[in-house]
Amino acid sequence: MDVPGPKSRLGILVPSSNSNAESMTAAVLAQQPDLGVHYSRFRLPPNLDDAVDLSVLGAAPALLAEAEIDAAAFHGTSGSWTGIDGDRALCQELKDVTGAPATTASLAILEACSALAVSRIAVVFPGPLGIANMIQREYAGHGVNVIAVSVPAYTMSNPEISRLGHSDIQNLMLPAFEYDAEAVVCVGTNLRSGYLAADLERRFGVPVIDSALATLWQLLRVAGVGRPIQGWGKLLAAS
């Protein structure tokens, strides 16, 4: 008789103020007993425009390495405005430390756009308009045209973003569907937009790429254990 336990080990690096990563990942993988997910936390830099590198992550990657993971993911979207090339460099650094291939939320979003064959998107971002405009410019350099953005009327902390309820998240997302976009992309892994993705896709007929769901989707692919997972929208269902 086999001892119960996962066959694949996935590592996720989570900002210390993020309370969405573990709970959403557990919900998505509830029926996938062969997959084990291990987390390591770090503290984000004080400014949104600060890039994340190994100096920011501290001991978190090395601690994940001790679990002998099959792949790692940085569960953060800062590369969407500080630079995708920086995220690619971070992935190589993570591979050097953990011995496993790595991805990031920002890289996962671009991979999701490619997989769904979309290049004209509307972005939902729970932060300042200035940062959303930076996302627009950064994505344009990677072949993705942001035709509209939806941001909140006031600035929120990361914990405040995580506490937004269903109606608050929906009200933030709905304006993005008013444009002729091929997909709506929610940038911000502490925004619980993934729980609304499937319903809004059915309502509007437009794919929703949630950054937290995209991170998990890409992490599974990088680890070589991608599979269709129903109930969370088109991206995960088509894996």
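Contact in this briefing means that heavy atoms lie within 4.5 Å, and by that meaning helix α1 lies across strands β1 and β2, running at about 170° to β2. Such axes are lines fitted to C-alpha atoms, for helices over the stretch in contact, and the angles run from 0 to 180 degrees between N-to-C directions. Helices (H or I, at least four residues) and strands (E, at least two) are DSSP runs, numbered from the N terminus.

This is a predicted model, in which local features need pLDDT of at least 70 and side-chain atom pairs count only at pLDDT 80 or more, while totals for chains, interfaces and linings use all residues. Residues are numbered from 1 along each chain as its sequence is written, and side-chain values use heavy atoms, with hydrogens and water left out.

**The sheet that contains β1**

- Four strands form an open sheet in the order β2-β1-β3-β4, with parallel pairing, where two strands count as paired if DSSP finds at least two bridges between them.
- The edge strands of this sheet are β2 and β4 (102-104), each of which pairs on one side only, and neighbouring strands are turned by 20° against each other on average, direction ignored.
- Helix α11 packs on this sheet, touching β1, β2, β3 and β4, and the direction of α11 makes about 155° with that of β3.
- Strand β1 (residues 8-15) is mostly covered, since seven of its eight residues are buried, a word that stands for under 20% relative accessible area, with exposed meaning over 50% and partly exposed lying in between (1.4 Å probe, protein chains only).
- β1 is joined by eight bridges to the parallel strand β2 (residues 35-42), and within this pairing L10 stands opposite V37.
- On the pairing with β3 (residues 71-74), four bridges join this strand to β1, and the two run parallel; G11 has A72 as its bridge partner, and I12 stands opposite A73.
- Together, β1, helix α1 (residues 21-28) and β2 make a right-handed β-α-β unit, where right-handed says that, with the strands pointing away from the viewer, the path from the first strand over the helix to the second runs clockwise.

**The sheet that contains β5**

- Strands β5 and β7 run parallel and are joined by four bridges, and the bridge partner of A122 in β7 is V184.

**Helix α9 and its cover**

- In helix α9 (residues 166-173), the residues I169, L172 and M173 are buried; seen down the axis of α9, its buried residues fall within an arc of 95°, so they line one face of the helix, the arc being that of the directions from the helix axis to the C-beta atoms.
- What covers these buried residues of α9 includes β5 (120-124), β6 (145-150), β7 (183-186), α10 (197-204) and β8 (208-210).

**Nonpolar cores**

- A nonpolar core is a set of buried Ala, Val, Leu, Ile, Met, Phe, Trp, Tyr and Cys residues joined through side-chain atoms within 4.5 Å.
- The largest such core has 59 residues, and those with the most contacts inside it are V28, I121, Y139, V187 and I209; its largest share, seven residues, comes from helix α11 (residues 211-222).
- A second, separate core of 20 residues includes A122, I169, F177 and A181.
- Not counting residues up to four places away in sequence, V187 touches a set of residues including W81, I109, V123, I135 and Y139.

**Two residues around α5**

- G83 lies in the loop between α4 (79-82) and α5 (84-98), and G83 is buried, with a relative accessible area of 11%.
- Leaving aside neighbours within four places in sequence, G83 is in contact with S78 and E138; G83 and E138 are 55 residues apart in sequence and 6.6 Å apart in space, C-alpha to C-alpha.
- D85 is found in helix α5, and D85 is exposed, with a relative accessible area of 54%.
- Between D85 and A72 there are 13 residues of separation in sequence and 18 Å in space, C-alpha to C-alpha.
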